[in-house]
Amino acid sequence: MLEGDLIARLIDEVPSVAGRVHLTEAPQGTDLPVLVVVRVAGTTPRTLGGRALFSRASVQIHAVGSDVYGPVIAAANEARAALDGFKGTMGSTYVESCRCDGEPADNSYIDADKRFRQLTQDFRFVYRP
Amino acid sequence: MSDQYYSAAAGAKLYMGQTTTTPLPADASDTFLEVPLLGTIGPPPHEIGSAFFKILNDTNKRSVGGGKADQLLEGDLVIDWSEAVHTAMYADLQVSGGQKRNWRIVYPNAGGRTLKFKAFLSKWTEEPFDASQDAKEHRAAFSLTVDGAIAAS
């Protein structure tokens, strides 16, 4: 399944988060920074004569941290390096193409001395389920 | 009144006869393989030539029908070069004068309406490779030129 294979790859390729890669939401009280993977859209896999064609998925990866910007941008850049332009086998999923749609979008929240850092990147996968 | 209409979106199949001898065997004596990964298939059109004329000062024209117009069948498929039928279709286009075969189209309706005809592949056009596009299956458009009558059952 794409989500599971994607999380496994990010755990391997993003040392900045030390294995803290979560699907949909990060657990309460987790150390930071973390990556949160959210599948925002996708196509229903189509078949021709019973044979599956490529499926498509849009995934957002949020690099989340606090206070210091450096570790969060490092995690976001590592995630992009691991995925943008990737083609090949990712766990049990064959990925025909993966591309990042743009530079990380900064959704940081700053309130006086409290800072919540969030950088969001959109990735588009074409894969064989 | 029964509701026997059917979908034009999926379920139709194209079968290619395996024999290429001259003359071709009868349809019932040939062996057929399904064309895999068929995307679209357009059944051959039927059109009769028409001519109009008037006798002297007739108000209304008269007409006479002629023979059938050319029958060309168009389709496309997702290419898989590991499929023997796809490689055979490509090879047919390299035969000078075309390679005639028996062909069948089976409709997705309840009774499996079937068109049987002789034809040769007259076009095989693969999509261009475009690095600016999102990844997608590589498709080829093809045409079959019908030779002779089409039997429907």
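Tyr107(B) counts as buried in this predicted model, because its relative accessibility of 17% falls under the 20% limit for that class. Across all chains, a search of the whole structure finds four aromatic pairs, and in one of them the rings of Tyr107(B) and Tyr6(B) are edge-to-face, since their centres are 6.2 Å apart and their planes stand at 65 degrees. This pair joins distant parts of the chain, with Tyr6(B) in the segment before β1 of chain B and Tyr107(B), 101 residues apart from it, in the loop between β7 (100-106) and β8 (114-126).

**Around the first pair**
- Tyr6(B), at 42% relative accessibility, counts as partly exposed.
- Arg113(B) lies over the face of Tyr107(B), at 5.6 Å from the ring centre.

- Tyr90(B) is partly exposed with a relative accessible area of 38%, whereas Trp124(B) is buried at 13%.
- Together with Trp81(B), Tyr90(B) and Trp124(B) form one aromatic cluster.

**Another charge over a ring**
- The charged end of Arg104(B) sits over the ring of Phe32(B), 4.1 Å from its centre.

**Pro25(B) and its surroundings**
- Pro25(B) is found in the loop between β1 (13-17) and β2 (32-34) of chain B, and its C-alpha atom is separated by 9.1 Å from that of Arg101(B), 76 residues apart along the chain.
- Leaving aside neighbours within four places in sequence, Pro25(B) is in contact with Thr19(B), Asp30(B), Asn102(B) and Lys118(B).

Note on methods: Residues numbered from 1 in each chain as written. Chains lettered and ligands numbered in written order. Predicted model: local features only at pLDDT ≥ 70, side-chain atom pairs only at ≥ 80, totals over all residues. Heavy atoms only, no water. Helix = DSSP H or I, 4+ residues; strand = E, 2+ residues; numbered from the N terminus. Contact = heavy atoms within 4.5 Å. Phe/Tyr/Trp six-rings, centres within 6.5 Å; stacked < 30°, edge-to-face > 60°. Buried < 20%, exposed > 50% of the residue type's maximum accessible area, 1.4 Å probe, protein only. Lys NZ or Arg CZ within 6 Å of the ring centre and 35° of its normal.
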